[in-house]
Amino acid sequence: MKKIILTGDRPTGKLHVGHYVGSLKRRVELQNSGEYDDIYIMIADAQALTDNADNPEKVRKNISEVALDYLSCGLDPEKSNLFVQSYVSELTELTFYYSNLVTVSRLKRNPTVKSEIQMRGFNASIPVGFFTYPISQAADITAFKATTVPVGEDQLPMLEQAREIVRSFNTTYDEVLVEPKALLPENEICRLPGTDGKAKMSKSLGNCIYLSDEPEDIRKKIMSMYTDPDHIRIEDPGKLEGNTVFTYLDAFCKDELFAEYLPDYSCLQELKDHYTRGGLGDVKVKKFLYSVIMEELSPIQARRKELEKDIPAVMEILHKGSIKAKEVAAGTLSEVKHAMKIDYFD
Ligand code: TRP
């Protein structure tokens, strides 16, 4: 069986270092591993509209932003098919048919939907499109017969529901769909906290470092990062748990970087030991973190600056990818319709 990846992001903002550490970096590794026959990376604009119906401009604007982030991080259109969800109208058709196989109570039980409904304060006024997005996500995955879906932990309930839909379809009609597996991040630090120490980075909290932030803004954000509130004087012993600066170092630091940027230490453990012992100030650690992060982001930002010069070329990459994705999805849709006995005129 072919090994096929599908994954994606909602275009509701530029991507930040949390996306990079949690998913983008991994996607590029998977792409370059050569282990996959096909890779589809989708900009989920239709899904973004399920809770942004009144804000189409935001979604539209972020299509090229997300594409720029993808390309500058190393996703290569020769190896990964980048496409826009709404262009592939077959996905909507599949969603409609799959929705016959899912009950309202099952959707209500989906923990991701539950917590997102709470987060968005929908209460009783949940848009139907939003409520049913797990079904649309099953369509996204199955249209490409994806075997592997690299996602964060929060998306596991979506995958579980997609697998149920596949099993239900295949037993009710015919063995057409492929059961996908989630591929979780390997590293433990798959979720970076916000710069304020809050668990999640979010635009509304203003606690994100974006991949496309100017270096000066990144420096400011790092210099005001949340650390250990009890580490007041340099001599005080400091705590590592919940200390955002060290969480970021765990995600970004490579021991080789000490020689260049902080030669008093040879590895991260040494730096941590000194911090917990006392005698190491936050400013010094933060300056080091800035160097470490910029080491990783500088080449990405340089590529982004180049790509930004020709947005029509970026849109053309998405257009080509979307045409190809549409062909593949149309193939699956016709198999689905055949299995459902609604292929009257073929
Ligand atoms: N729900 C994902 C997110 O919020 C985006 C997405 C849409 C997706 N369809 C998908 C991810 C299918 C994986 C597979 O970022």
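Modeller: In this predicted model, the buried residues of helix 9 are Pro-157, Met-158, Leu-159, Gln-161, Ala-162, Ile-165, Val-166, Ser-168, Phe-169 and Asn-170.

Helix 9, residues 156-172, is one of the elements against which the buried residues of helix 4 pack, together with strand 2 (38-43), helix 8 and helix 15 (311-339). Helix 4 covers residues 90-98, and its buried residues are Glu-90, Leu-91, Leu-94, Thr-95, Tyr-97 and Tyr-98. These residues lie on the same side of helix 4, because the arc they cover around the axis is only 165°. Such an arrangement can be read against the geometry of the α-helix: with 3.6 residues a turn, residues three or four places apart point the same way. On the other side of helix 4, Thr-92 and Phe-96 are exposed.

The aromatic residues come next. The structure holds 12 aromatic pairs. Phe-83 and Phe-144 make up one of them, a tilted pair with 5.2 Å from centre to centre and 50° between the planes. Phe-83 belongs to strand 3 (residues 81-84), whereas Phe-144 belongs to the loop between helix 8 (133-143) and strand 4 (148-150), so the pair ties together parts that are 61 residues apart in sequence. Phe-83 is buried, its relative accessible area being 0%, and Phe-144 also counts as buried, at 2% relative accessibility. A further pair is formed by Phe-169 and Tyr-173: the ring centres are 4.9 Å apart and the planes stand at 50°, so this pair is tilted. Phe-169, at 1% relative accessibility, counts as buried, while Tyr-173, at 29%, counts as partly exposed. Phe-83 and Phe-144 also belong with Tyr-40 to one aromatic cluster.

Two lysines are placed over aromatic rings. The charged end of Lys-3 sits over the ring of Tyr-36, at 4.9 Å from the ring centre. Lys-326 lies over the face of Tyr-87, and there the distance from the ring centre is 5.9 Å.

The loop that holds Phe-144 also holds Lys-145, between helix 8 and strand 4. Lys-145 is not a glycine, yet its phi is positive, at about 50°. The relative accessible area of Lys-145 is 21%, which makes this residue partly exposed.

Leaving aside neighbours within four places in sequence, Glu-335 is in contact with Lys-145 and Val-176. Glu-335 is found in helix 15 and is partly exposed, with a relative accessible area of 35%. Between Glu-335 and Glu-175 there are 160 residues in sequence, but the C-alpha atoms are 9.8 Å apart in space. Ser-334 has its place in helix 15 as well, and it is partly exposed, at 38% relative accessible area. The C-alpha atoms of Ser-334 and Glu-90 are separated by 9.6 Å, although the two residues are 244 places apart along the chain. Glu-90 is itself one of the buried residues of helix 4. In the segment after helix 15 lies Lys-341, another residue other than glycine with a positive phi, near 60°. Lys-341 counts as exposed, at 67% relative accessibility.

In soluble globular proteins, nonpolar side chains tend to be buried together. The largest nonpolar core in this model has 56 residues, of which Val-17, Tyr-70, Tyr-248, Leu-249, Phe-252 and Leu-271 touch the most other members. Helix 14 (residues 282-308) gives the most to this core, with eight residues. A second, separate core has 42 residues, including Tyr-40, Met-42, Phe-122 and Leu-177. As for Tyr-70, its contacts beyond four places in sequence are with Gly-8, Asp-9, Leu-15, Leu-24, Arg-27, Ile-41, Met-42, Ile-43, Leu-75 and Leu-82.

How values were computed: Residues are numbered from 1 along each chain as its sequence is written. This is a predicted model: local features need pLDDT of at least 70, side-chain atom pairs count only at pLDDT 80 or more; totals for chains, interfaces and linings use all residues. Side-chain values use heavy atoms; hydrogens and water are left out. Rings of Phe, Tyr and Trp (its six-membered ring) pair if their centres lie within 6.5 Å; planes under 30 degrees apart count as stacked, over 60 as edge-to-face and the rest as tilted. Helices (H or I, at least four residues) and strands (E, at least two) are DSSP runs, numbered from the N terminus. Buried means under 20% relative accessible area, exposed over 50%, partly exposed in between (1.4 Å probe, protein chains only). A charge sits over a ring if NZ of Lys or CZ of Arg is within 6 Å of the ring centre and within 35 degrees of the ring normal. The arc is that of the directions from the helix axis to the C-beta atoms. Contact means heavy atoms within 4.5 Å. A nonpolar core is a set of buried Ala, Val, Leu, Ile, Met, Phe, Trp, Tyr and Cys residues joined through side-chain atoms within 4.5 Å.
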